[in-house]
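Subject: Structure for you to look at

Hello,

Here is the structure I promised to pass on. Please open it first, then read my notes below.

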Amino acid sequence: MQDSLTLQLLGEFIGTLILILLGDGVVAAVSLKKSKAYGAGWVAIALGWGLAVTLGVYCSGFLSPAHLNPAVTLGMAIAGLFPWAYVIPYIIAQILGGIVGAVLVWINYYPHWQETDDPDAILGVFATGPAIRNYPMNFISEFIGTFVLVFALLAFTRGKFTDGLNPMVVGVLITSIGFSLGGTTGYAINPARDLGPRIAHQILPIANKGKSDWSYSWVPVFGPMAGGALGALIYLLIP
């Protein structure tokens with residue numbers, strides 16, 4: 001059992017690392033000066049994040065359930081589809097994967113940080129931030145997005161997909177949330193996606209970086225956790 005848990009935690013770590021490497025990577029490509037994708041915009045970011053989730057799931061699904069998201073792990077536990085004893089270890093592995101993935105993004109784009117003189121754009125590569133800073137509404141936005149995510153993932157468990165297709169459907173779901181709901185906060189909808197890279201931003205010697213905006217950091221953690229929990233509870237009400 002312990003060996004099984006270790007492999008699952010490795011899967012969550014690897015999957016979240018890939019998720020952040022490719023997801024934060026597309027934000028870096030669009031946001032950092034002298035990148036060939038500079039200025040490509042929101043469409044590139046939303047599509048890139050959808051693909052990042054799909055590939056993160058494919059890369060880790062043979063080791064773990066590939067939650068890659070503490071809100072998903074919590075929701076699955078509430079729905080009775082995941083053991084409560086594994087929740088905290090999974091979340092730790094996911095956050096650590098997020099940190100390492102963000103470090104790799106920093107390394108990959110190393111010359112471009114010096115060329116980018118906008119601290120907000122640099123932070124935006126690593127962590128989400130609101131278009132309009134209104135904490136209650138920002139919380140609600142993250143809550144709604146993650147409610148949709150977790151409820152849909154649980155609904156998918158009742159459907160029948162061709163073997164290997166599920167990660168692609170999840171990627172489409174993430175892309176849809178990004179296009180439709182993400183303009184308010186940058187749609188973290190995943191505490192590990194925001195907290196892990198925000199920690200990396202804090203500790204790395206990134207050229208031209210500013211503050212890590214810890215005053216906002218609770219929103220993309222607690223909003224998704226609450227939204228995911230409610231998504232699971234509503235799912236349980238359906239016969």
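Start with Arg-133, which is partly exposed, with a relative accessible area of 46%. Here buried means under 20% relative accessible area, exposed means over 50%, and partly exposed lies in between (1.4 Å probe, protein chains only).

A word on the source. This is a predicted model, in which local features need pLDDT of at least 70, side-chain atom pairs count only at pLDDT 80 or more, and totals for chains, interfaces and linings use all residues. Residues are numbered from 1 along each chain as its sequence is written, and side-chain values use heavy atoms, with hydrogens and water left out.

**Salt bridges**

How many salt bridges does a search of the whole structure find? It finds five. A salt bridge is a side-chain nitrogen of Lys or Arg within 4 Å of a carboxyl oxygen of Asp or Glu.

Arg-133 forms one of them with Asp-213, and their closest N and O atoms are 2.7 Å apart. This pair links distant parts of the chain, 80 residues apart. Asp-213 sits in the loop between H9 and helix H10 (219-236), and Arg-133 in the loop between H6 and H7. Helices are DSSP runs (H or I, at least four residues), numbered from the N terminus. Asp-213 is buried, at 18% relative accessible area.

Next, look at Arg-193 and Asp-24. Their side chains meet in a salt bridge (3.5 Å, N to O). This pair also links distant parts of the chain: Arg-193 is in helix H9 (residues 191-203), Asp-24 is in helix H1, and 169 residues separate them. Arg-193 counts as buried because its relative accessibility is 5%. Asp-24 is buried too, at 0%.

Arg-198 and Asp-194 make another salt bridge (2.8 Å, N to O). Both lie in helix H9, four residues apart, about one turn of the helix.

**Pockets and cavity**

These come from a 1 Å grid over the protein atoms alone. A cavity is a set of points where a 1.4 Å probe fits but cannot get out. A pocket is an open set with protein on both sides within 12 Å along at least five of seven lines. Lining residues have an atom within 4 Å of a point. A volume is the space filled by probe spheres set on the points, which are joined across faces, edges and corners.

The largest pocket has a volume of about 510 Å³. It is lined by 28 residues, and Ala-66, His-67, Val-72, Leu-153 and Val-170 lie nearest its centre. H2, helix H3 (70-78), H7 and H8 each supply at least two lining residues.

The second largest pocket holds about 440 Å³ of space. Its lining has 20 residues, with Val-27, Asp-120, Gly-124, Ala-127 and Gly-129 nearest the centre. The largest share of that lining, four residues, comes from H6.

The search of the whole structure finds one cavity of 30 Å³ or more. Its lining includes Ser-141, Glu-142 and Tyr-187. H7 gives the largest share of this lining, three residues.

**Where to look next**

Find Leu-55 in helix H2. Is Leu-55 buried or partly exposed? It counts as partly exposed because its relative accessibility is 38%.

Best wishes
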